[in-house]
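Student: I am new to this structure and would like to go through it slowly. Could we take it one question at a time?

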Amino acid sequence: MVRMRAQLRLSTRLMNVGLAALCRGGYLVRAESVLIDAIRLGLPPDVVTYNTLLSAHCRADDLNAGVAVVHRMREAGVSPDAVTYNSLIAGASREGLPLRALDLFEEMLRSGITPDAWSYNALMHCLFQSDHPEDAYRVFADMAEKGVAPCATTYNTILNGLFKTGHATNAYRMFRYLQRVGLPTGIVTYNTMINGLCKSGKVGYARMVLKELGRAGHAPNIITYTTVMKCCFRYGRFDEGLETFLSLIEGGYISDAFPYCTVISALVKKGRMQEANTYCELLEQSGSMLDRACYNTLIHLRFHEGKLDDAFDLLDMMEKGHVESDEYTFSILVNGLCKMGQIEAAEKQLWSMEIRGIESNVVAYNCLIDALCKSHEVDAAIKLLHSMKLKDDFTYTSLVHGLCKVGRYHMASKFLRICLREGNNVLASAKRAVISGLRSAGFKNDLRKVQSALYMARFLRS
DNA sequence: ATAGGGTTAG
């Protein structure tokens, strides 16, 4: 009897290994059927079995399926543990549901499961990603109070979160603090710092940290190089960026599609289509898995070349490969169709986007508004603007420019003032267009109102 | 389970 139980435990462990392999490969349906077969054969799944499956569901952006696994394991008499809840919290984070993550954390406590450092890490990460840095910090304080020791990932999560929520200076200070008191910093810390500093415009600091990385005895990895490359493209050092990429190819350091996407989209932006195509072929030859961001990059490339059919072929490939389109995809589609003069087709994509449940996608709306304005259909543009939940600087810049172009300066000045009142802004060229238009049309009253609104806005911003 | 890639106005 004892020996039999031991053998069953061994078999369970073997099953877990197989299950994990299936999950890693994305064969979730097969993993599920393996579990069902195992139960039917009398092989008892344990907490690891369920956790493996659960985390795979969460990683596939299906939190509900993950939660369903918890119910199944409870029914089977297997108690969830910290790993279970950590995966669920990470899943809530992936879907951008901070309240859900907090609920899960509470539920964890109620079930008598003690959170570990990873529970706090996942929760903090979720709060930072959904732009609640103060709450994230409260979680960190709670962690200290409960006597849970932070690990290296904890600090990296906080650094990354501070950058993402616009607190670059705080992140930089904290990084120096970690170094000074000898808290753990590693390659992930350095990459986080370099990326964050680059994106917040502090390139000088980024370069300094990059130099320190070598002195600290860490070897830069592919992520470091991709980050640096992106930074080069962003700040107009195009040749350096390309050289970095070529040396990565020659060295055989590229193991996924990230660097290819970076360089392809930079080339498309520059209009260097032949080179973009060259790297597109290299990407194909590399046999890398194409995910959503890859497809988006490639669809954008095809639209830019005017190859509409190829773009839609890629969209089909996406669907067949069960890669879901997202707000980027729709922005690229709407923009691409607009730029090719197919405004009606673009409108259709916008509606199907709403049906898909991707709401208030500002970028896609902005693209259509801009196209409508450029084809002098300003009233349709205004109507569309009124249906938008969120508007930004792009929205108003396009509309204001469009109204000026058809000589409707009074309307343009009205929207400019609405925009400023909402705390948005428009490009300087749009402001100039309104002012000179009002002046030439002799709308003195509007002119005065606009100028005082601009003055107030500048005053409030500084 | 923390770090890198994808979209819009002039």
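Tutor: Let us begin with a term: a contact means heavy atoms within 4.5 Å. This is a predicted model, in which local features need pLDDT of at least 70 and side-chain atom pairs count only at pLDDT 80 or more, while totals for chains, interfaces and linings use all residues. Residues are numbered from 1 along each chain as its sequence is written, chains are lettered from A and ligands numbered from 1 in the order in which they are written, and side-chain values use heavy atoms, with hydrogens and water left out.

Student: Among contacts in chain A between residues at least 6 apart in sequence, what percentage join residues at least 24 apart?
Tutor: The count takes in contacts of chain A whose partners are at least 6 apart in sequence. Of these, the share that joins residues at least 24 apart is 57%.

Student: How many helices and how many strands does chain A have?
Tutor: Helices (H or I, at least four residues) and strands (E, at least two) are DSSP runs, numbered from the N terminus. Along its principal axes, the C-alpha trace of chain A spans about 100 × 55 × 50 Å. The secondary structure of this chain comes to zero strands and 26 helices.

Student: Is Met124 buried or exposed?
Tutor: Met124 belongs to helix α7, and, leaving out residues up to four places away in sequence, it touches Ala136, Val139, Phe140, Met143, Thr154, Thr157 and Ile158. Buried means under 20% relative accessible area, exposed over 50%, and partly exposed in between, with a 1.4 Å probe and protein chains only. Because its relative accessibility is 1%, Met124 counts as buried.

Student: How far apart in space are Met124 and Phe140?
Tutor: In sequence, Met124 and Phe140 are 16 residues apart. From C-alpha to C-alpha, the distance between Met124 and Phe140 is 7.3 Å.

Student: Why does Asp61 count as partly exposed?
Tutor: Asp61 sits in the loop between α3 (47–59) and α4 (63–75), and its phi is near 60°, a positive value in a residue other than glycine. Asp61 counts as partly exposed because its relative accessibility is 34%.

Student: Is Asp131 buried or exposed?
Tutor: Asp131 is placed in the loop between α7 and α8 (133–145), and it has a positive phi of about 65° although it is not a glycine. With a relative accessible area of 52%, Asp131 is exposed.

Student: Which residues come nearest to DNA strand B?
Tutor: A residue is near a strand if one of its heavy atoms lies within 4 Å of it. There are 49 residues around DNA strand B, and those that come nearest are Asn156, Asn191, Lys230, Asn296 and Ser331.

Student: Which helix gives the largest share of the lining of the second largest pocket?
Tutor: On a 1 Å grid over the protein atoms alone, a pocket is an open set of points with protein on both sides within 12 Å along at least five of seven lines, a cavity is a set where a 1.4 Å probe fits but cannot get out, and lining residues have an atom within 4 Å of a point. The second largest pocket holds about 460 Å³, and of its 17 lining residues the closest to its centre are Trp118, Asn121, His125, Thr153 and Thr157. Two or more residues come from each of α5 (82–94), α7 (117–129), α9 (152–164) and α11 (187–199). The largest share, six residues, comes from α5.

Student: Which helix gives the most to the lining of the largest cavity?
Tutor: The largest cavity has a volume of about 30 Å³, a volume being the space filled by probe spheres set on grid points that are joined across faces, edges and corners. Its lining consists of Asn195, Cys198, Lys199, Thr227, Lys230, Cys231 and Arg234, with at least two residues each from α11 and α13 (222–234). With four residues, the helix that gives the most is α13.
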